[in-house]
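I opened my notebook to look up a few things about strands and rings. Here is what I had on screen.

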Amino acid sequence: AEYEIDDNCMGPGTNFILQVNSTQPPITEPTIAACEGTIKGFNVAVAANSVLSGADVYWYESTANTLAESSITGNIGKGITYKYTNDLNPGTHTLLVSQFKQCQSEKVPVTFTINPKPVLPTLDSNFSCQGLQYKPLKATASENTNIVSWYDNSLLSGNAIQGLTFTPNALTPGEKMFYATQTNRFGCTSDASAVKYILYPEPPKPIIVSAKNTICDYDSNIPTYTVTNAIGKVTWTDNGANSEGVSYVPQKPAQGFYSTSFSAIQEKDGCISASAISTLYLIKKPDKPVYSNQTICSINQPKAFET
């Protein structure tokens, strides 16, 4: 038999079901922050209880399309937690994250902040003299609100002294290094600056050869006084006048005075020794002898002159 198919006829219909699945994005953890230089990578995360059972979490750079896509290509990492190491410069950084279970969710942002680390504080060196009050070290912070902390060791251990100035104490003569950092309003701390502090020893008291001398009041030859242990600048003070040098010829005592005292100090590295006192004594010329004339007879024995 022959059959003819009529295009105008329609057979019985078949039902099709199209199921559209939707995946909710994960919930991101709260915004987090850290200080520049304190991290080797930044850990960002999503809340574990927001991830669907059996779903995979994918991370993307902020430049990625935020819409849900059928492809997961272009992701930079996988997992509930991701360690980001691409850009750790100060500022606010954003990543995108989605989860995938049959379908991919929209990509939601995760933001983290890297706060700037302060520059090193500027420190001014200083010195003191043994036996005198210690002079302070001074720091200049890059911002008025920054807090400067001082340490006596390069490990920055022990109790820190805070403030723009710091006065050392109980040092032995020589050089000592001190260190200081500054902390900004974000709580970020700079690297440490180092500064040298010197405690100079007190110069020894001058030793003067023949510190006490005498001359006659008519003598114009004034003795010379000499410091034998000079290690720096020697200054003599005589009746209000100063003179420098290892040796010194003092002023002759004024008329009517029988002695004069003068002093010597020595200075080295800005430190001054104790004072050494010398004296020049003036011996008055004896009075002219007084005697009386006498007359004797030639037959008599001469008498001795009496003064």
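My entries on strands, ring pairs and charges over rings follow.

**Ground rules.** This is a predicted model, where local features need pLDDT of at least 70, side-chain atom pairs count only at pLDDT 80 or more, and totals for chains, interfaces and linings use all residues. Residues are numbered from 1 along each chain as its sequence is written, and side-chain values use heavy atoms, with hydrogens and water left out.

**Entry 1: an open sheet.** I looked up which strands make up the open sheet, and in what order. Three strands form it, in the order β9-β11-β14, with antiparallel pairing. (Strands are DSSP runs of E, at least two residues, numbered from the N terminus; two strands pair if DSSP finds at least two bridges between them.) The edge strands are β9 (122-124) and β14 (165-166), as each pairs on one side only. I then checked β11 (residues 137-140) against β14: two bridges join them. K138 has T165 in β14 as its bridge partner.

**Entry 2: strand β12.** Is β12 (residues 147-151) largely enclosed or open? Four of its five residues are buried, so the rest of the structure largely encloses it. (Buried means under 20% relative accessible area, exposed over 50%, partly exposed in between, with a 1.4 Å probe and protein chains only.) I found five bridges between β12 and β15 (residues 174-183), running antiparallel; I147 has T183 as its partner in β15.

**Entry 3: aromatic pairs.** I searched the whole structure and got eleven aromatic pairs. (Rings of Phe, Tyr and Trp, its six-membered ring, pair if their centres lie within 6.5 Å; planes under 30 degrees apart count as stacked, over 60 as edge-to-face, the rest as tilted.) One of them is Y82 with Y84: the centres are 6.5 Å apart and the planes at 55 degrees, so I call the pair tilted. Y84 is buried at 6% relative accessibility. Y84 also pairs edge-to-face with F112, 5.7 Å centre to centre and 65 degrees between the planes. Y84 is in β5 (residues 81-84) and F112 in β8 (residues 108-115), so this pair ties together parts 28 residues apart in sequence. Ring pairs link W59, Y82, Y84 and F112 into a cluster.

**Entry 4: charges over rings.** (This needs NZ of Lys or CZ of Arg within 6 Å of the ring centre and within 35 degrees of the ring normal.) K135 lies over the face of F127, 3.9 Å from the ring centre. K176 lies over F178's face, 5.8 Å from the ring centre.
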